[in-house]
Structures are given as structure tokens and as C-alpha cells.
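Hello,

Here is the structure I promised to pass on. Please have it open while you read my notes.

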Amino acid sequence: MQIFNNITQFSPCCIALGCFDGIHIGHQRIIRSMCSYAKENSLCGAVFTFDVSPAALLGKAPRRSLLSRNDKMNILENLGVEYCFSVDFSSVRNISPEDFVKNILIDKLGVQAVFCGFNYRFGHNAKGSSDILLELCNKYGIKAFVSSPVCYGDQAVSSSRIRDLIEQGEILTANRLLGRPFSVEQTISEGKHNGRTVGIPTINQNLPDGFVTPRFGVYASFVYIDGKKYEGITNVGVRPTVNGKHKNIETHILGRFYGNLYGKHVRTQFLDFVRDEKKFANLEELSVQIKKDIDYIQNSSVFNKY
């Protein structure tokens, strides 16, 4: 997939519009529809998006990212997107809805068909809606397709709903709405080796700045190291038993693992919530509880659900 960070002259294409900040199952339906249309009509398939959501940039909502820019680009490519325009929001924030359609989509990008979600907003002060987009596309003779809500339970799937679920520890439901496990990929940093002293060594990762914070507690997890997948048990929190101050991600790899991981990029996927983080009287008491948590996870069917 070719990525453009600026709006540039482009060849005839069809395009999916949206922030796509989670690329959840609703977003995926829009993007797959665009890719199918592109293939059927011998057009380039493209996405027009932003690195950071406009709401976060304008201070209307805190930044609580669900995935990194690199992950976002990889997921788009795996969905079949050929080209991605991931631009600075400031470059289009003051453009009227009509000028965006006429001057950007049609004249600049050569768009012949547009795809978006039912709640898509665009143009200066977000005055443009999906209905206005349909009207403008009809005026200028290009196709427009608006996706209806994708629902899970009795609610529409949305990035804000997924963030709330993650923060509440409802990770199984959040993962169903994402269409994949919520994950963090970070460099392994050196910890205090407290786990090693009680026979439960761990790897330590910082939570990326601006990321949504999972509910503090213990999770069943998968850990990806050099392309291999390992089962794990992960704690998110501040490690109150050792009077920790800063939130981090601490994972024990189940089974035997040998090797120095410091400085490596490792992906941790959150699969299921086990219990809340708790302060124990000492490391020995914490160790006993972790072993109980490991037994619980290994006797459950959580790893088989993914």
C-alpha cells in the first residue's frame, strides 16, 4: 500500500472516507465495500483519513487511541487498500463541504465513487453530513455509498464504545467489536526483576502515550516475539505491592522461554480480564495469587477462543 501524507494529484479511484480510528467491524465493512467496488470497476482503491481524530485535535475529546499509526496502515493494507491519504487535519479543516467534494475529491484525487459511514462528518465546523455528501456527489455526478450502522447487541459499534469497554475491563466484547484482539506493541524495558525473585519472571512495556488504558488488573494474553506466539498472563497497572508509581504492562510468558528481550519490540494482545489489580502484603503473597491466576487461565478455554 502506498501512503501519502499530503493531498496530491491522483488517478481515477474510489475512496473510503473516515477517521477509522479503530478500524472496527463497522469500519471494515465500509473499507471492504470500497475495495470490492474498486476491483469490479477497475479503479484504484483508496482511503482518506487522519493520523489523529479531529475531535482529539480540537480538544473535544481526550486522545485515547485504539491502535498505532503503523498498525492502522498494516490493517488497511491487509483489507485490500492500495493507497492511503493520511493527512494533517489542519489542511482541510477550514474547507466547506462543497469545496471538499469538488476541489479535493473530484478535481485533485479523481474520485469516481465515495464510501462512508452513516455518521460521517466533514468540512468546516463539521457542517457536512453523510446526507450532504450524497447530495453533493449527485450534483457532481459521482457515486456515493453510505453504510448503515453495524450493531452488536442493541447498540451501534463505535470506537468510543470500544474505548469504554476496554476501560471497563470488558475486553472480550471489545475484541468482538474490533474484529481482532486489542493489542499494544512496545519495546521491552528493564524492570526491577521482582518477578524473577519469586520465580515468575516478567517482561515490562510502557503503555504508549495517548493510548486507551485498559482497566487495571490481570489479563490472559498472547505475546508475539520474533513472529512466534506465546501464551501469557499480563498485568496492567502501577504495581501497588512494590509501591509503583507509573502505569505499565507486565507480562509473564507461560511455559518455558529463554532469551534476552530487552530492547525488542513485542506485541501483547489482551484476550480476557481475570481480576482487578490488588495490593498484597508482600511479594510472596503476590506470587501465590499469580500462580492461582495462571492455573485459572490455563484451565479456562480463553486461548481457544482466538
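First, the basis. This is a predicted model, where local features need pLDDT of at least 70, side-chain atom pairs count only at pLDDT 80 or more, and totals for chains, interfaces and linings use all residues. Residues are numbered from 1 along each chain as its sequence is written, and side-chain values use heavy atoms, without hydrogens and water.

The sheet is open and antiparallel. Its six strands run in the order E9-E14-E11-E12-E13-E10. Strands are DSSP runs of E with at least two residues, numbered from the N terminus. Two of them pair if DSSP finds at least two bridges between them. E9 (183-187) and E10 (203-205) are the edges; each has a single partner strand, so one side of each lacks a neighbour in the sheet.

Look at E11 (residues 217-225) and E14 (residues 265-276): eight bridges join them. Ser 221 stands opposite Phe 270 in E14.

The structure holds 19 aromatic pairs. Rings of Phe, Tyr and Trp (its six-membered ring) pair with centres within 6.5 Å; planes under 30 degrees apart are stacked, over 60 edge-to-face, the rest tilted. Tyr 219 and Phe 270 pair edge-to-face, at 5.2 Å and 85 degrees. Tyr 219 is in E11 and Phe 270 in E14, so the pair ties together parts 51 residues apart in sequence.

Tyr 219 is buried, at 1% relative accessible area. Phe 270 is buried too, at 0%. Buried means under 20%, exposed over 50%, partly exposed in between (1.4 Å probe, protein chains only).

Best wishes

Notes:
Helices (H or I, at least four residues) and strands (E, at least two) are DSSP runs, numbered from the N terminus.
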